[in-house]
Each structure stands twice: as C-alpha cells, then as structure tokens.
Amino acid sequence: MITSRANSRVKAARALGETKERKRTGLFVDEGEDALRAALAAGIAPVEAFVDDDLGSDRIADELETAGTTVLRCTADVMAAVSSLSHSSRAVGVLRANDLPRLVRETPAAEVGLQLHGVADPGNLGTLLRTAHGLGPAHVALGEGCADPLSARAVRASMGALYEVPVILLSEAPALAVIALDARAERTLAELELRVPIAFALGGERTGLPAEVAAAADDVARIPLADGAESLNVAIAGALALYELRR
C-alpha cells in the first residue's frame, strides 16, 4: 500500500495535471468510480489506478484488476494528493490517450459532427462531448484555440463521454455540409432542412464564430432568443443543434 505523497507513481500522476506532461507521456487522469466504470464499459482499461484503501473500495479495485489495470491501494492522505478535487475521489485512473475512440469513416458518428472554434473553456468542451454522446452519435472536431479535451476539467465535465465520442482535429474532419451557428443570421435553425451528413460550427465563449468560418459554411443559422438576451452558452447551443437534427 502507498502511504507517502512522495511516492514516484503519485508524483507522476500529479504531473499529468500539466498539458506538457500529458503530451510527453500520452497519458491522462480521470477520477471517480463512475468515470472509471464508464471507461471499462467502453473497453478501455486504465494503465493503473489509485484506490482509497481506507474506504474499502474493494469492488472497483476488483473490477479494475479483472480488466488488467494495475491497482495501487493508497491511504486517504495519498488519495488527496492524487486527486484534483476538493473532496478526493475513491479511485483515480491513469489512462492512455491512444486508447480513446477513433473516428471510423462511413459510420453514424462520422456523419454528424460539432466543429469547434476557440472553445477555450474546458468545462464547456467536456459538456459538448457529453452532448455529442447523448444526442449523437456524433464526433467533435477541435479547431484553433480550443481547450485540451484531456485536461482534468474537460474530462470530468464529459462524464465518461470521452470514452464514446471520437475527438479529432478540425483538419482531420470528414467533408460534411457545415451549418454555422451565428446569432446574427437571418434564418433560424428550425427553418433549415437539416439532413445528414452534417456538421455544426460553433464559436468560442467570448470571440464567437470567426467570420471566415461563417462565410465558408454551406448555411448560417441562429437559435432564436428571448428579447433582451444576447447569447447562449456554447454547450447549450450545441445541444440544441443536435436535438433539432434528431427532431
């Protein structure tokens, strides 16, 4: 059992809170029993997992070990060091980025996409992944200025959707009809005849959608708002777009 915060594996896991370390190692961290079970359900086993031995987390430890994960039992004090939450998790996993789903051409997820431009808030990015899972299948394509989908906040906000939704670079996105969402558009999203294959282009929280993206899109639409309202959260806009497509 690990009893010291100075343990080398504890230090290595904590270092994954930094973007450069995630890129160097190809690893990232996810926290919580539900999150790790979501990974296991998708056929993705953590490389190793820190489990709170003081809380009797035998069940999740057994599930992880059965999947081939190296389970490291720790004291509550060590778990507090590994966790990035104010209330430490009972289980923290270290996972490989290369094990995450890839976009397979000619599948339903390849025919519907969210193309993000400058979505810099990791919480919004993670919520958009959750939206793509719940209202998909769909993929998420990241353009310039987007948050790291493997950052702690984005991973937590995805609520396990990271293990189901293909995340790619915008430069790798399949050729789809693109609908740009812009609050200044004349027509509303409901006025368009939405058909797959299709992608919705969404802009960042402050800067909005780049003008050149809207100009190059196949169509531009807005989501009508109440009088006096200026904008919607980008994650809500993405959810409404995917819902309108399903509807």
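This is a predicted model: local features need pLDDT of at least 70, side-chain atom pairs count only at pLDDT 80 or more; totals for chains, interfaces and linings use all residues.
**Stop one: Asp182.** Display its side chain and follow it to the backbone nitrogen of Arg184, which it reaches at 2.9 Å. If you then leave aside residues up to four places away in sequence, you will find that Asp182 touches Ala214, Val220, Ala221 and Arg222.

**Stop two: the largest nonpolar core.** Next select Leu114, Leu116, Leu189 and Phe200, which touch the most other members of a core of 39 residues. The elements that each supply at least two residues of this core are β5 (112-117), α6 (122-134), β6 (139-142), β8 (177-181), β9 (198-203) and α9 (234-246), and α9 gives the largest share, six residues. In soluble globular proteins, nonpolar side chains tend to be buried together. To look at one member in detail, centre the view on Leu116, whose contacts beyond four places in sequence include Leu125, Leu128, Val140 and Leu202.

**Stop three: the second core and Phe28.** A separate core of 14 residues can be found by selecting Ile2, Val29, Phe50 and Val94, which are among its members. Now move to Phe28, which has its place in strand β1 (residues 27-31) and counts as buried, with 0% relative accessibility. Among the residues that Phe28 touches, again not counting those up to four places away in sequence, are Leu16, Val94, Leu100, Leu150 and Tyr163. For a sense of distance, draw a line from the C-alpha atom of Phe28 to that of Thr107, which is 79 residues away along the chain, and the separation is 27 Å.

**Stop four: helix α3.** Finally, select residues 33-41, which form helix α3, and colour its buried residues Glu33, Ala35, Leu36 and Ala39. On which side of α3 do they lie? These residues are on the same side of α3, because they cover an arc of only 165° around the axis. Their covering includes β1, α4 (58-66) and β4 (91-96), whereas the face turned away from the buried side carries the exposed residues Asp34 and Ala41. Just after α3, end the tour at Gly43, which takes a positive phi of about 80°.

Technical notes
Residues are numbered from 1 along each chain as its sequence is written. Side-chain values use heavy atoms; hydrogens and water are left out. A nonpolar core is a set of buried Ala, Val, Leu, Ile, Met, Phe, Trp, Tyr and Cys residues joined through side-chain atoms within 4.5 Å. Buried means under 20% relative accessible area, exposed over 50%, partly exposed in between (1.4 Å probe, protein chains only). Helices (H or I, at least four residues) and strands (E, at least two) are DSSP runs, numbered from the N terminus. Contact means heavy atoms within 4.5 Å. A polar contact is a pair of N or O atoms within 3.5 Å; within protein, one must be able to donate a hydrogen and the other to accept it, and residues adjacent in sequence count only if both atoms are side-chain atoms. The arc is that of the directions from the helix axis to the C-beta atoms.
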